[in-house]
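Work through two exercises on the model shown here. Each has a task and a stepwise solution.

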Amino acid sequence: MNDLKDIVRKNILDLVPYSSARDEYSGQEAILMDANESPYNSPLNRYPDPRQNKLKEKISGMLGITSNQIFLGNGSDEAIDLLMRVFCNPGRDRIIIIDPSYGMYKVCADINDVGVDFVKLEADFRLNAVRILGSVRPSTKMIFLCSPNNPTSNLLETEEIQKILDRFKGIVVLDEAYIDFAGDEGFLSSRKDYPNLVILRTLSKAWAAAGIRLGMAIADPEVVSLLDRVKYPYNVNLLTQEKALDILDNEKQKNEWVEMILSERVRLVKKLGKLAVIKKIHHSDSNFILVRVDDPDAMYGHLVKGGVIIRNRSGLTHCEGCLRITIGSREENKRMLELIKSF
Ligand SMILES: *Cc1c(COP(=O)(O)O)cnc(C)c1O
């Protein structure tokens, strides 16, 4: 990787971040007359910890990393946006996104006036590092990878990811939102070997907590501190911080849910495979299945009419005829299967 200061926007390097009252004093047991808060215990009268220390301590213990490698945001979507703002000069710098993948990368880039180069996955959704590296331009600051990938549902090949990490001089963002469903530990333990690697994780999928909006970026402490400088001071609210501590206390529950989804995945693949209308079931390492049918619009409409909403992904690269089905509860899956059978 290049020296970090060569790839960060100059205005961000020079930035004097906002210093909140709770940044300047974070001790306990004092009379707080520094933040113009209400003194009445509503009980939400106080600003939350802007550094989310307790929560980071908890996560660092769980993941076996230090707190200073963790950025916490309002969903991983916040981390994606902040990465663009820290590294990419609007109107000048560019990013590479694998195609097809998660739509937020492009939307965030467009909002920030960052150029996008899409690089196709292979037709069977494998990652081709040489093709990605061949598309790097002098202005390319970041490469976005997603493993397991959305909507293709497969893990990307470790060796191909490593090639990109070894040879690209900018930041590699590896979105591991679905890693809990993959039976693979992902890149967390090799993160330290790659100062240019940013791993995204979220509580929105396996942890069943999309409603509280908590995502994280795991990165080199220098990168984390840049993200922290740019974020809103109180970006993770008090309710979310408290609830997340409760949720993370119950890893056993999360693992049970993951197990149930994985066993439903096996069952669904078997059942869907018997239906003539399903032309292909792509291998899944996630909590959703991508299937190909002859008439995706008609099948989508049929399911909606029956009260089951899935995602029509047939317009995306290499996804002709494809529908993305999130794995639901046993009952929900039964209903979905019945509907497909009655098509
Ligand atoms: C669902 C999803 C996320 C989660 O985003 P949050 O903002 O944390 O809810 C991130 N990346 C991908 C690829 C996803 O599909």
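A polar contact is a pair of N or O atoms within 3.5 Å. The model is predicted.

**Exercise 1. The ligand**

Task: find which residues come nearest to the ligand, and identify side chains with an N or O atom 2.6 Å from a ligand atom.

Solution: 
1. Start with the surroundings. The ligand has 14 residues around it, and S76, D175, Y178, T202 and K205 come nearest.
2. Take the ligand nitrogen. A nitrogen atom of the ligand sits 2.6 Å from a side-chain N or O atom of D175.
3. Turn to oxygen. The side chain of Y178 has an N or O atom 2.6 Å from a ligand oxygen. For T202, a side-chain N or O atom also lies 2.6 Å from an oxygen atom of the ligand.
4. Check the cover. The ligand alone exposes 390 Å², and the protein buries 93% of that.

**Exercise 2. Helix α13**

Solution: 
1. List the buried positions. These are N333, M336, L337, L339 and I340 in α13.
2. Look across. E331 and K341 are exposed on the other side of α13.
3. Name the cover. The buried residues of α13 are covered by elements including α11 (251-273), β8 (278-281), α12 (296-305) and β11 (322-326).

Notes. Residues numbered from 1 in each chain as written. Predicted model: local features only at pLDDT ≥ 70, side-chain atom pairs only at ≥ 80, totals over all residues. Heavy atoms only, no water. Buried < 20%, exposed > 50% of the residue type's maximum accessible area, 1.4 Å probe, protein only. Helix = DSSP H or I, 4+ residues; strand = E, 2+ residues; numbered from the N terminus. Contact = heavy atoms within 4.5 Å. Near = heavy atom within 4 Å. Polar contact = N/O pair within 3.5 Å; in protein donor to acceptor, adjacent residues only side chain to side chain. Areas by Shrake-Rupley, 256 points an atom, 1.4 Å probe, with all protein chains shown as cover.
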